[in-house]
Amino acid sequence: ATIQNLTIENAEIENTSTDSDAQAGILVANVYGDLTVKNCYVSGTITGTNAVRFAGGLIGHVHSAGSVKIESCYANPQVKKLTDGGFAGGLIGYLSGGSQGKGGLLLSCNTGTVKNAATGGFAGGLIGGYKAGYSYKGGKIYNMTDLTSCYNAGDVYGDTAAGVIAQFSGSGVNNDGSSGQPHASKVLNYGKIYGVKSAYGTIND
């Protein structure tokens with residue numbers, strides 16, 4: 001699926017569920033398949049009411065069976081009140097598993113405030129949490145996605161806070177065959193980072 005040339009301004013997303021594993025995003029809550037988001041702008045408030053586990057300015061949760069490519073997108077969200085141990089991101093709340101070598105973040109940014117004051121919570125300027133996994137394509141194993149020419153300019157608050165990715169875990173192989181973290185080229189943080197326990201300028205691995 002593709003979402004392209006879409007603007008959503010001053011959205012108000014408020015969770016009314018009591019499910020502590022809920023997901024929320026101004027654009028999409030959950031991704032289970034292949035999704036491309038291009039030339040989109042969103043702004044607004046996501047209020048978890050202490051029940052949302054994954055919240056992102058664009059996307060709440062990319063599941064292990066899904067992949068996402070975000071290009072030339074701009075998010076200005078205000079994210080707050082997640083459940084304990086939850087993940088908040090300016091673009092994506094949580095990214096699980098493999099992207100089949102198709103995903104990526106390109107020429108995209110967050111300028112909104114990402115605040116996750118919940119106990120044990122993670123807040124990332126671009127991505128709240130990313131768990132690397134494996135997927136197969138053409139007989140090779142891949143996991144994530146490249147991050148290219150992206151930046152965060154919003155302030156980030158959390159038990160663990162980072163300008164780009166608040167938590168990176170797992171292991172796998174990048175699209176070029178290298179292992180370790182997802183590739184990040186010209187990825188910058190301009191926002192202020194406030195971590196109760198830990199604070200990182202870019203990626204916490």
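**Close-up views of a predicted model**

**View 1. The salt bridge between Lys 197 and Asp 159.** Lys 197 and Asp 159 form a salt bridge, with 3.7 Å between their closest N and O atoms. The two residues lie 38 positions apart and link distant parts of the chain: Lys 197 belongs to strand β24 (residues 193-200) and Asp 159 to strand β20 (residues 156-162). A salt bridge here is a side-chain nitrogen of Lys or Arg within 4 Å of a carboxyl oxygen of Asp or Glu. By this rule the count is one salt bridge. Side chains of opposite charge can pair when their charged atoms come close. Lys 197 counts as exposed because its relative accessibility is 62%, whereas Asp 159, at 9%, counts as buried. Buried means under 20% relative accessible area, exposed over 50%, and partly exposed in between (1.4 Å probe, protein chains only).

The model is predicted: local features need pLDDT of at least 70, side-chain atom pairs count only at pLDDT 80 or more, and totals for chains, interfaces and linings use all residues. Residues are numbered from 1 along each chain as its sequence is written, and side-chain values use heavy atoms, with hydrogens and water left out.

**View 2. The surroundings of His 61.** His 61 sits in strand β7 (residues 59-62). With a relative accessible area of 8%, His 61 is buried. Beyond its neighbours within four places in sequence, His 61 is in contact with Gln 23, Ala 29, Asn 30, Val 31, Phe 54, Tyr 94 and Ser 96. Contact means heavy atoms within 4.5 Å.

**View 3. The open sheet and the pairing of β5 with β8.** Six strands form an open sheet with parallel pairing, in the order β1-β5-β8-β11-β18-β22. Its edge strands, β1 (2-4) and β22 (184-185), each pair on one side only. Strands β5 (residues 34-38) and β8 (residues 67-71) run parallel and are joined by five bridges. Val 37 has Ile 70 in β8 as its bridge partner. Two strands pair if DSSP finds at least two bridges between them.

**View 4. The whole protein, for context.** The secondary structure comprises zero helices and 24 strands; helices (H or I, at least four residues) and strands (E, at least two) are DSSP runs, numbered from the N terminus. Of the 205 residues, 52% count as buried. Among contacts with a separation of 6 or more, 84% involve residues 24 or more positions apart. The protein exposes about 8,500 Å², of which carbon and sulfur atoms supply 46%. Accessible areas come from the Shrake-Rupley method with a 1.4 Å probe; for residues, only the protein chains shown count as cover.
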